[in-house]
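Visitor: Please take me through this structure, with a close look at one part. I am new here. Keep it brisk.

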Amino acid sequence: MSGLFEKINLGSKLEKQDLIDILNITEQNDLEKLFKAAYQVKLKYIGKRVSLRGIVEISNKCVKDCLYCGIRNSNRNVERFELSKQQIVDGLLTAYSFDYGSAVMQGGERTDEKFIIMIESVLHEVKERTNGRLGITLSLGEQDEEVYQRWFDAGAHRYLLRIEASNPELYKKMHPSDHKHERRMECLHSLQNVGYQTGTGVLIGVPGQTIEDLANDLMFFKEFDIDMIGMGPYLVHPDTPMAKEFPGFEQKRKEQLNLGLKMIAAARLLLNDVNIASTTALQALDPLGRELGLLAGGNVIMPNVTATEYRKGYQLYSGKPGLDENSEQSRLALEKSIAQAGETIIYNDWGDSLHYFKRCGKE
Ligand code: 5AD
């Protein structure tokens, strides 16, 4: 272990085996050392800064049937909702009025032309009404390159599409047979081709996943030259096929949280200048999970700005926090806890990925 920390503290290049050793840490002392070391790297590249993206959950209608996800198409226990164009615009403008500087539109996957046009027109309207000042990220699943291009031309500049598992065999176990790993890869290439700051990530602590899989996921982010990372611990949703593969989940919450934090720390140590989200799934495991994520190397938080009445409809996993809160309450609570963690929120800024500029030679 001391050899590992020596390597980490010297800033030496980490190999896959080092990542495996990091992810296998269990001693509290060593965990603290790890998070501190990752935090130092964050300070070096980013500072004590947190960027916020207000997230609008636009719809839980989804053509996909991922075996872990609460809004999968065949879950009949979900009441489906879809925000109107105006409601989406209002959500995004809420983020703008809170000075978040940047917002995300996320929703179940849809590929019909009506949907594509609606997103395009939301982008046009919001860009116009904020004089181009609100940065907009999309998280709307797999689309043709032409669609990614249209949305980019309409003003979106970042896109999140998790690979979910970089190991194709594990991906197969997590999805029905018509969901293809190759298609995800193709989409990630398209996003980079179009010019988006491209984000990806994985589910952490899924049944059947090994520590080596997770180390390979981190290596995948590096090889793919990813700009942003959004990954979080897997949480059971009872109405999904994967739930029965994780009996005793409730006793494993602390372990899932720590694994999520170790992945953030390892990603920061390996990738240095990328944006790393401290995701809501961490908060679902611990009320201060997102703040712990910041102290382990994360630098982005995505507070919910969806109108309260729709939050219940968008439960990818059970135990989602903030269901009864409104956006103002979410903001005040978050501002307080971020200050307590000793971090500073950067307002009115897009908080772009430094890595993206380096990758494009625009540094
Ligand atoms: N637990 C944690 N994260 C989940 N997601 C979907 N279902 C779950 C779950 N049960 C994540 C997926 C997806 C993102 C929007 O939400 O990784 O990419």
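Guide: The chain exposes about 15,100 Å², an area from the Shrake-Rupley method with a 1.4 Å probe, where only the protein chains shown count as cover for residues. Carbon and sulfur atoms supply 50% of that area. This is a predicted model, where local features need pLDDT of at least 70, side-chain atom pairs count only at pLDDT 80 or more, and totals for chains, interfaces and linings use all residues. Residues are numbered from 1 along each chain as its sequence is written, and side-chain values use heavy atoms, leaving out hydrogens and water.

Now the close look: the cysteines. A disulfide is a covalent bond between the sulfur atoms of two cysteines. Here the rule asks for a pair of cysteine sulfur atoms within 2.5 Å. The count by this rule is 0 disulfides. Take Cys69. Its closest cysteine sulfur belongs to Cys66, and because the gap is 6.1 Å, that is too far for a bond. Cys187 is in no disulfide either; the nearest cysteine sulfur is again that of Cys66, 13 Å away.

How covered are they? Buried means under 20% relative accessible area, exposed over 50%, and partly exposed in between (1.4 Å probe, protein chains only). Cys69 has 14% relative accessibility and counts as buried. Cys187 is buried too, at 0%.

Step back to the chain. Of its 363 residues, 60% count as buried. Its C-alpha atoms fill a box of roughly 55 × 45 × 40 Å, taken along the principal axes.
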